[in-house]
Amino acid sequence: MLVLTRKPDQSIMVGNEIEITVLEVRGEQVRVGIRAPRNVTVHRKEVYEQIRDENLSAYDIPVEILPTLNDLLKSASPQNSK
């Protein structure tokens with residue numbers, strides 16, 4: 001882990017396109033601003049982990065349902081509607 005010391009209004013660059021700026025320091029709380037391209041998602045870590053967990057649970061499909069889905073897909077294909 002890289003550890004850097006910054007003061008308010010000082011920045012850190014991540015790659016060529018992401019800039020992290022220290023906006024304010026109050027006691028144990030630090031406010032940061034993040035400038036990144038629109039195609040880069042930025043989340044607090046706990047929100048990122050919640051999104052990741054939801055995506056993983058949605059991906060976890062019971063094996064028993066797969067043949068049923070396969071049958072549905074076969075019946076919905078254009079070849080079977082002739």
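A residue is taken as exposed when its relative accessible area is over 50%, and D9, with a relative accessibility of 66%, therefore counts as exposed in this predicted model. D9 is placed in the segment before strand 1, which spans residues 11-14. The backbone of D9 has a phi near 75°, a positive value in a residue that is not glycine. Most residues other than glycine have a negative phi.

Charged side chains were examined next. Side chains of opposite charge can pair when their charged atoms come close, and the count for the present model comes to six salt bridges. In one of these, the side chains of R26 and E24 meet with an N to O distance of 2.6 Å; R26 has a relative accessible area of 58% and is therefore exposed. Another salt bridge joins the side chains of E46 and R44, with 2.8 Å from N to O. The two partners fall into separate accessibility classes, since R44, at 55% relative accessibility, counts as exposed, whereas E46, at 47%, counts as partly exposed.

K45 is exposed, with a relative accessible area of 60%, while E49 is partly exposed, at 28%. Elsewhere, salt bridges with shared partners connect E24, R26 and R31 into one network.

With regard to nonpolar residues at the surface, a patch is formed by V25, V30, V32, I34, V40 and V42, which together present about 460 Å² of accessible area. Strand 3, covering residues 29-35, provides the largest share of this nonpolar patch, namely three residues. V40, which is also a member of the patch, lies in the loop between strand 3 and helix 1. The relative accessibility of V40 is 31%, and V40 therefore counts as partly exposed; this value also meets the requirement for patch membership, because patches are made of residues with over 30% relative accessible area and no salt bridge.

How values were computed
Residues are numbered from 1 along each chain as its sequence is written. This is a predicted model: local features need pLDDT of at least 70, side-chain atom pairs count only at pLDDT 80 or more; totals for chains, interfaces and linings use all residues. Side-chain values use heavy atoms; hydrogens and water are left out. A salt bridge is a side-chain nitrogen of Lys or Arg within 4 Å of a carboxyl oxygen of Asp or Glu. Buried means under 20% relative accessible area, exposed over 50%, partly exposed in between (1.4 Å probe, protein chains only). Helices (H or I, at least four residues) and strands (E, at least two) are DSSP runs, numbered from the N terminus. Patches are made of residues with over 30% relative accessible area and no salt bridge: like charges are joined within 9 Å, nonpolar side chains (Val, Leu, Ile, Met, Phe, Trp, Tyr) within 5 Å. Accessible areas come from the Shrake-Rupley method with a 1.4 Å probe; for residues, only the protein chains shown count as cover.
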